[in-house]
Amino acid sequence: MASAVAERKVRVAELALRALLCALSALAAALVATDSQTKTFFSFQKKATFRDMKAMVVLVIVTGVAAGYSLLQALRCCAAAAKGRAGAGGALTSRALAWCVFSCDQALAYAVLAALAAALQASVIAKRGQPELQWMGICSMYGAFCRQAGGGIASAVAAGVAAALQAFLSAFNLFRLYGGDKSAARNGAGAGAATW
């Protein structure tokens with residue numbers, strides 16, 4: 001009975017993390033991708049967009065992919081849970097599938113964190129400039145642009161944390177397949193089987 005309760009908590013945690021990662025990644029991509037501001041300088045209009053900084057373009061792409069991947073995995077989790085309620089077993093017992101989910105979750109976490117680090121560095125330069133190279137900060141001129149980009153980056157930071165936690169959880173689910181009763185785990189049965 002305690003095993004079933006723990007199993008259910010792990011399933012709920014995985015689904016909640018995947019839904020949270022999907023929402024935060026989509027929010028980050030939307031905030032950064034729709035960010036623009038136009039300023040007029042001596043009758044010359046200059047429009048600032050996220051495309052002006054390649055690190056922000058990469059952040060939009062990576063968070064968009066993260067949102068899509070997380071949505072697909074959340075749907076897989078829901079389907080496995082529904083299948084489990086119907087009596088067909090909802091646990092992820094295939095080691096090949098567990099390795100695939102683990103590898104994709106790890107790659108996603110690294111990609112989100114790498115894109116986030118690049119975007120953070122570009123944002124610091126946009127905010128403060130680079131006096132050694134005589135680059136001035138642009139946030140004093142494009143305040144609304146920088147505030148919206150900051151909100152997108154804050155969402156991406158939260159998405160990065162959720163991606164790292166999801167990677168830990170998928171590692172836990174994978175390596176549970178290798179513990180306990182080894183003959184039963186190989187056959188996909190037994191109490192040591194991982195979630196979905």
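Me: What pattern does the chain follow, read along the sequence?

Reply: The chain reads α-β-β-α-β-α-α-α-β. It has five helices and four strands. Helices here are DSSP runs of H or I with at least four residues, strands are E runs with at least two, and both are numbered from the N terminus. This is a predicted model, where local features need pLDDT of at least 70, side-chain atom pairs count only at pLDDT 80 or more, and totals for chains, interfaces and linings use all residues. Residues are numbered from 1 along each chain as its sequence is written, and side-chain values use heavy atoms, with hydrogens and water left out.

Me: Why is α3 called roughly antiparallel to α4?

Reply: Two packed helices are described by the angle between their axes and the distance between the axes. The axes of α3 (residues 95-128) and α4 (residues 143-176) cross at roughly 155° and come within 8 Å. Axes are lines fitted to C-alpha atoms, for helices over the stretch in contact, with angles from 0 to 180 degrees between N-to-C directions. Under 35 degrees counts as roughly parallel, over 145 as roughly antiparallel, 65 to 115 as roughly perpendicular, and the rest as oblique. Therefore α3 is roughly antiparallel to α4.

Me: Which hand does the crossing of α3 and α4 have?

Reply: α3 passes α4 in a left-handed crossing. That label applies if the near helix is turned anticlockwise from the far one by less than a right angle; clockwise is right-handed.

Me: What residue classes make up the contact of α3 with α4?

Reply: The contact of α3 with α4 has 20 nonpolar, five polar and two charged residues. Nonpolar covers Ala, Val, Leu, Ile, Met, Phe, Trp, Tyr, Cys and Pro; charged covers Asp, Glu, Lys and Arg; the others, Gly among them, are polar.

Me: What makes valine 112 buried?

Reply: Valine 112 has a relative accessible area of 1%. Buried means under 20%, exposed over 50%, and partly exposed in between, using a 1.4 Å probe and protein chains only. So valine 112 is buried. Valine 112 sits in helix α3. Leaving out residues up to four places away in sequence, valine 112 touches Val62, Ala66, Ala156, Ala159 and Gly160. A contact means heavy atoms within 4.5 Å.

Me: Is serine 25 buried or exposed?

Reply: Serine 25 has a relative accessible area of 1%, so serine 25 is buried. Serine 25 belongs to helix α1 (residues 2-33). Beyond residues up to four places away in sequence, serine 25 touches Thr63, Ala66, Ala67 and Ala159.

Me: Why does lysine 46 count as partly exposed?

Reply: Lysine 46 has 37% relative accessibility, so lysine 46 counts as partly exposed. Lysine 46 is part of strand β2 (residues 44-49). Residues up to four places away in sequence aside, its contacts include Gln37, Phe41, Asp52 and Tyr142.

Me: What about cysteine 104: why is the label partly exposed?

Reply: Cysteine 104 comes out at 33% relative accessibility, so partly exposed is the label. Cysteine 104 lies in helix α3. Cysteine 104 and serine 170 are 66 residues apart in sequence, yet 9.5 Å apart in space, C-alpha to C-alpha.

Me: How much of the chain counts as buried?

Reply: Of its 196 residues, 41% count as buried.
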